[in-house]
Amino acid sequence: MLNKYKVAVVGGAGHIGLPLSCYISSKGNEVLIVDIDEKVLSKINNNEAPFFEDGLKSYIDKANKNNIQTSTDLKKIKDFNFIFVTLGTSSEQDEIEKFRGLVSEIIDLVSIESHLILRSTVSIDEINKISENKLLKQKNIKLSYCPERIAEGNSLNELQTLPQIISSKNKQDAEPFVQFFKSLDIKSYVTSFENAAFLKLFSNAYRYAEFTLVNEFFNIAEENNINFDEIMELAKIDYPRLSNMPSYGFVGGPCLIKDTKTFIGQYSNEKSVLASLQESNKEFMNLIIKKCLINFPDKKIIQLGMTFKPNSDDLRSSLAYDLYKRLNAEGFIVYPVDLNLKSEDIELELFNYEEVVDKTDNLLITTQHDFINELDLNNKKVITVGYK
Ligand SMILES: NC(=O)c1ccc[n+]([C@@H]2O[C@H](COP(=O)([O-])OP(=O)(O)OC[C@H]3O[C@@H](n4cnc5c(N)ncnc54)[C@H](O)[C@@H]3O)[C@@H](O)[C@H]2O)c1
């Protein structure tokens, strides 16, 4: 094959790194996954998908047939000339330091004229610091920030359909990255580091704001004893301007909260509209707890769905899980049910619905997994947190 690249993905066993590694491998490139999580690496080697992602299992099968390599040893990247960094990041100082340290190790290790692609969500300050790294310049390593914009669960589809934003110091530096993504059949657009960093963060802050604003309306309706479900339905009938309005519900997950926080920290201030939106989500959670206290006086609940969004097995920054903890603190006995999770993988005792169905008639639906539609909820008192 003409354009065969040697690609290493550092953090490659994670939610972003793994689908990306498999997709790059499926295009005939030599791929190395470097990750510190040995347990997940051995699952990949055994053709198991370590987390839910549509189509991932068959991509892992294919990648293993294509001899995808996995290692915990970062030094192995020195034989590769396109290096992705897909580490988990946040706006917390220790996470930033960890990311920074790893990137300088990578710069130390890679050979001259390699290509470094930052894929993790990072701020413009971090990108600028890396771009000014002395060794990076001496070794003539080309740097690019190529933000990931997929929605978890649908990444293998979106990797192929969403255009790639490529940012670099200048157009000339961007060219090898443009060619690389072209070889993967991914359309790309080139911009500056500043624009790409702003674009990635503001897009998630926008989505956070959009979802939260609906929760604010829900809060107002609740306080005024108005049935928001009924109004939403009526408002949308033959009224296209509201047809894309999301439903109320928890705004959680690994990206929206943290990226909004980073965006505020970087560009805005604590008094901004965005910062105050966080209060609406706190109030939304308080109202759900209040509803439980009023409607479930015996303080027993079967909670359906624990992950941060429907049909996912990701518990990171899940507000359904936060609610579970808050309800426990309020003295409720809560029986969590989530077929997408296994008790042994998390610090939470889960139940099958059949095991607990006779314990109480009180049901709280916190994440709208498909499996919930199969359950018999007749004769139950149901509170639904939202429809996201
Ligand atoms: N999850 C999403 O939906 C999503 C969407 C867009 C962007 N992002 C961004 O992508 C980045 C990665 O997110 P994620 O959800 O894949 O995180 P993740 O936690 O699933 O994956 C990170 C991986 O890095 C590995 N790792 C940690 N330290 C390491 C080290 N020193 N060396 C090698 N590997 C190491 C971890 O073991 C893990 O497998 C974050 O910046 C996130 O904000 C995530």
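This is a predicted model: local features need pLDDT of at least 70, side-chain atom pairs count only at pLDDT 80 or more; totals for chains, interfaces and linings use all residues.
A crossing is left-handed if the near helix is turned anticlockwise from the far one by less than a right angle.

**Entry: H9 against H11**
I began with H9, residues 193-223, and H11, residues 256-267. Their axes come within 8 Å and cross at roughly 115 degrees. I then checked the hand and found that H9 passes H11 in a left-handed crossing. Next I listed who meets whom. On the H9 side I noted Leu201, Phe202, Asn204, Ala205, Arg207 and Tyr208. They meet Leu256, Ile257, Asp259, Thr260, Thr262, Phe263 and Gln266 in H11. Sorted by class, this contact has seven nonpolar, four polar and two charged residues.

**Entry: H9 against H12**
Then I turned to H12, residues 273-295. The axes of H9 and H12 come within 8 Å, and I read a crossing of roughly 45 degrees. From H9 I wrote down residues including Ala205, Ala209, Thr212 and Phe218; the H12 residues in the contact include Leu274, Leu277, Phe284 and Leu287. My tally by class is seven nonpolar, five polar and three charged.

**Entry: the ligand shell**
Which residues are closest to the ligand? I found Gly11, Gly14, Ile16, Gly88 and Ser120, out of 23 residues that surround the ligand. The shell divides into ten nonpolar, nine polar and four charged residues.

Conventions:
Residues are numbered from 1 along each chain as its sequence is written. Axes are lines fitted to C-alpha atoms, for helices over the stretch in contact, and angles run from 0 to 180 degrees between N-to-C directions. Helices (H or I, at least four residues) and strands (E, at least two) are DSSP runs, numbered from the N terminus. Two residues are in contact if their C-beta atoms, placed from the backbone, lie within 7 Å. Ala, Val, Leu, Ile, Met, Phe, Trp, Tyr, Cys and Pro count as nonpolar, Asp, Glu, Lys and Arg as charged, and the others, Gly among them, as polar. A residue is near a molecule or strand if its C-beta atom, placed from the backbone, lies within 6 Å of it.
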